[in-house]
Amino acid sequence: MPDKTSCGALRPDAAGATVELCGWVNRRRDHGGLIFVDLRDRDGMTQVVFDPEHPCFATAEHLRNEDVLRVVGTVRRRPAGTVNLRLATGEVEVAAEALEILNRSQVPPFVVNSDDPVDENLRLEYRYLDLRRPRMQENLRLRHRIVKAMRDFFDERGFLEIETPMLMKSTPEGARDYLVPSRLYPGSFYALPQSPQLLKQLLMIAGFGRYVQIARCMRDEDQRADRQPEFTQLDVEVSFCTQEEVLETMESCMRYVWQRVLGVELAPFPRLTHKEAVERYGLDKPDLRFGLELADVTTFFGGTEFAVFRSVVAGGGAIVALRYPGGAALSRRDFDALTETAKQFGGKGMVWIALSSDAPKSPAAKFLTEADVTAVRDALAAQDGDALLLFAGEPALAYAVAGKMRNDVAERCKLRDPDAFSFAWVTDFPYLEIDEATGLPAPAHHPFTSPAPGDWELIESAPLQMRAQHYDLVLNGYELGSGSIRIHKPEQQRRIFEMLGMSPNEVEERFGFFMRALDYGAPPHGGMALGIDRIVMLACGEETIREVIAFPKNQVARDVMMDAPAEVPAQSLRDLLLEVRSPT
């Protein structure tokens, strides 16, 4: 019997062996009476040669790309001058002696054997074909290796992987739940988990001490490049820990994964407080692959003749400046386009100053003194040939717009190194933030987060000044995940719920099971969750997580391959005592 071999395994030392290969026709070529077929499976590709002297030659004449074959033949070295060093198997070929067509393929709707651009919805409609493409195969292979490395890391450190339910009680965590109606309990619903947050805390109360899970989570929220309705996260929780111990564990995990999977030794992760991140980079998820730190230049304009800036300063606002390297070479039209970008980011406008006598003059230049310009220039360490960009408004907005423009300028100036991995920790987040929809205070992380040491007393006098024992891990401008030290004392948890305006009845209805658990000796504990989809996306150098998920939804949350979501049979609705009404 011939040895069954993968299409990526053969090397010169196999010459003379009889092997069996199974796979897809990647390409078929006729050369001087011989037929060459590149046979492909997930491990690679092998060249198969069909000679007219063999009976299977006639069948090989009718092969098409993506036909599924079984080939038996003899391994031999390729003739001199025909070696293909781009293939791992490029020094050998298989001389076919038997051929079986296991299945025929229709002509694919796009070319499978290359990574040429294809409309994304077409790719997703025929995802099973798209997944045959080399790039997608490599992305999912890398994903497997990253997840395995994570499991190995935590297993070596005594963590237990424990599965938590997919059907649970609705305990909204900031996004809408996906609800599942119960047939046995009409009018009642399960929820699909947004995260295993409360369940992993219960495992700490249960005494397991070190928990990990590769957890599937669902959130009914609007889509972005780095979000999906369902996603996968590395979920971790530890008892009797400090914040420092959690950070050390998660940083060590990332170092382990990057070294083992990518062969990259990571430098120690810098740490920024939330305040530092916003003041230096405008955002709490800064991209540290480049500099361009912001400067608060508000004090320079307290007595300015420029009415716009003067009114902002008088109203307690901020003026934030950004350097545009080489920006003096831009045209007036370019600066107008930059201003429109700033407006798209939520700003009311942008003031620009080109540091060159040959550059276009800003409309605001006549209102600014030479001393004003020099002060801003010095604050940014700008040089001749640069441009100064200024953003004014309420402080949080001014910094946010400047931070987004910083990323935009870096993209325009090609300052980002696509091969660099710049991790960073962001800590000391505000405990509360103002919910844009309601205008009321809401937890910046979740209500189970413990306030920072020394900040509990602020809950009565100045709750908006409270800091949280909450930390984020950031990579190249993306938030990979969040974590916190949890509240483990029931009286403190009840006080947080009270501060958030929740009545005792509401607490009992939503979290009664959890509050009872805290009454039975909950240990101090904390943890973190990292988004695996985003981690793999960045490790692969992709721009959306759809490129590293086998069967993702499209940008409007539809599965165009299965045509979901879809209507269900009327009987299924009757079984659930449900009725669908048209939106009004």
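Which residue in β16 does Ala-321 stand opposite? Ala-321 stands opposite Leu-390. I will come back to that pair after a word on the model.

What you see is a predicted model, where local features need pLDDT of at least 70, side-chain atom pairs count only at pLDDT 80 or more, and totals for chains, interfaces and linings use all residues. Residues are numbered from 1 along each chain as its sequence is written, and side-chain values use heavy atoms, with hydrogens and water left out.

Now the sheet. Four strands form an open, antiparallel sheet in the order β13-β14-β16-β15. Strands here are DSSP E runs of at least two residues, helices are H or I runs of at least four, and both are numbered from the N terminus. Two strands pair if DSSP finds at least two bridges between them. At the edges stand β13 (295-296) and β15 (351-354); each has a single partner strand, so one side of each has no neighbour in the sheet. Helix α10, residues 370-380, packs on the sheet and touches β13, β14, β15 and β16. Contact means heavy atoms within 4.5 Å. The direction of α10 makes about 100 degrees with that of β16; axes are lines fitted to C-alpha atoms, for helices over the stretch in contact, and angles run from 0 to 180 degrees between N-to-C directions.

Back to β16. Strand β14 (residues 318-324) is joined to β16 (residues 387-393) by 7 bridges, and Tyr-324 has Ala-387 as its bridge partner. Of the 7 residues of β16, 6 are buried, so the strand is largely enclosed by the rest of the structure. Buried means under 20% relative accessible area, exposed over 50%, and partly exposed in between, with a 1.4 Å probe and protein chains only.

Next, two loop residues. His-446 sits between β19 (441-443) and α12 (458-461) and is buried, at 6% relative accessible area. Its side chain makes a polar contact with that of Gln-197, at 3.3 Å. A polar contact is a pair of N or O atoms within 3.5 Å; within protein, one must be able to donate a hydrogen and the other to accept it, and residues adjacent in sequence count only if both atoms are side-chain atoms.

Ser-114 lies between β6 (92-103) and α2 (120-125) and is buried too, at 17%. The side chains of Ser-114 and Asp-116 make a polar contact at 3.2 Å.
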